[in-house]
Amino acid sequence: TSEPGGGLEKGKVCIKGNSKSQEPGNSMKGNGKEKEIPEIAVNIIVLGSLPLGELRPAHLKSLYLSLGKARAEGEKGLSPNSISLVHRVLHKALEDAVKAELVVHNAASAVSAPRPGRHEARILSPCEVPLFLETARRSRYYIILLLALHTGMRRSELLGLRWKDIDLDMASLSVSQVVLGLAGGKLHFSEPKTAKGRRQIALTPTSVLTLRGHKEKAEADRKMLGLPLTDDDLVFARPDGSPERPTRVTEAFRWLARKMGLRGMRFHDLRHTHASLMLAQGIHPKVVQERLGHATIGITLDTYSHVVPGLQEAAARRFEGLVSNPLAKPSEGQEGLYLLGAGLESTERATTPH
């Protein structure tokens, strides 16, 4: 035993041992995205042998600075986003230590981690999308990339898809499982983090056609191995049915992006491309929110605020065209607006006291 805040008797309870309160598998969330806990956030190498009672804010400041400096010098360090996640993991672990009366104070509470940087998304234009897919056609990950562009799904959601989640006849799929890559090359399967994350997504005709061909190939591969393809099997898997590695998908995407001169573009930017192009075409933000699985429409509008000004201008021009020539034949979709207006007018008459 030891006194709270003391030396913890020969250092038996140390940082590394106490950080188990955030083991891989308990992925943390930030900015609405799943975060893979970096290995260094669990095995805090710099602080691993330091007794909890001796940990001071200065130790954490030194750790964060060294991690950032190493990355800046091209060594094995961490980005500001990852350092911020390390800070959150340590803060939670130390908070648990305070509750267990192993320490009196949470040293992480007195330290500010680097603020996560905001990545400038690289959105593909309507002309670049077919060029990108044509370049990716020979990649074994082609269908994953196509589906990311056509659905806006996250990498973790795509790799978690099972055949039972897809209805090719109804041209839809359901997101009900995600796959996260963790430290040490381990994979973690779980449900989406939020209720909105569990969702139905309508598929494009191209997606349906491509998935049919992919399923036929998967069945042929399994038959050669003497194995059946079942509804519980992953859609994107190796020939033997084992899961695809998330890092391999990302590496393949980066290679393709560099080949096209799209340096700095991330796999997640395919999701941003899907949403931005839909909004630019006048698709209602509520529909985009549902496809992306955002918790609220506010998140969608805030994330894609760069598209909103263009939508405002287009809406103003369409309104001007509508009211400046009221005798013109309604364009496609406007008949519904007139019917809606008539319905509202009749409702007002019925509810207004006479």
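Start with Glu-101. Glu-101 counts as exposed because its relative accessibility is 58%. The terms: buried is under 20% relative accessible area, exposed is over 50%, and partly exposed is in between, with a 1.4 Å probe and protein chains only. Glu-101 sits in the loop between α5 (80-99) and α6 (128-136). Its phi is near 60 degrees, a positive value in a residue other than glycine. Most residues other than glycine have a negative phi.

A word on the source. This is a predicted model, where local features need pLDDT of at least 70, side-chain atom pairs count only at pLDDT 80 or more, and totals for chains, interfaces and linings use all residues. Residues are numbered from 1 along each chain as its sequence is written, and side-chain values use heavy atoms, leaving out hydrogens and water.

Next, Ala-171. Ala-171 also has a positive phi, about 55 degrees, and is not a glycine. It lies in the loop between β3 and β4. Helices here are DSSP runs of H or I with at least four residues, strands are runs of E with at least two, and both are numbered from the N terminus. Ala-171 is partly exposed, at 23% relative accessible area.

Three strands form an open, antiparallel sheet in the order β3-β4-β7. The edges are β3 (166-167) and β7 (199-202), each pairing on one side only. Two strands pair if DSSP finds at least two bridges between them. β3 and β4 (residues 172-175) have 2 bridges. Ser-172 in β4 is the bridge partner of Asp-167.

Now the helices. Take α7 (residues 142-151) and α11 (residues 268-280): they pack at about 35 degrees, with axes 6 Å apart. Axes are lines fitted to C-alpha atoms, for helices over the stretch in contact, and angles run from 0 to 180 degrees between N-to-C directions. Among the α7 residues that meet α11 are Leu-145 and Leu-149. Contact means heavy atoms within 4.5 Å.

Which residues does Thr-273 touch, leaving aside neighbours within four places in sequence? Arg-122, Ile-123, Leu-124, Val-129, Leu-149 and Met-265. Thr-273 is in α11. It counts as buried, at 1% relative accessibility.

Last, α7 with α9 (residues 205-224). Their axes come within 10 Å and cross at roughly 155 degrees. So α7 is roughly antiparallel to α9. Angles under 35 degrees count as roughly parallel, over 145 as roughly antiparallel, 65 to 115 as roughly perpendicular, and the rest as oblique. The contact includes Tyr-142 and His-150 of α7, and Thr-206 and His-214 of α9.
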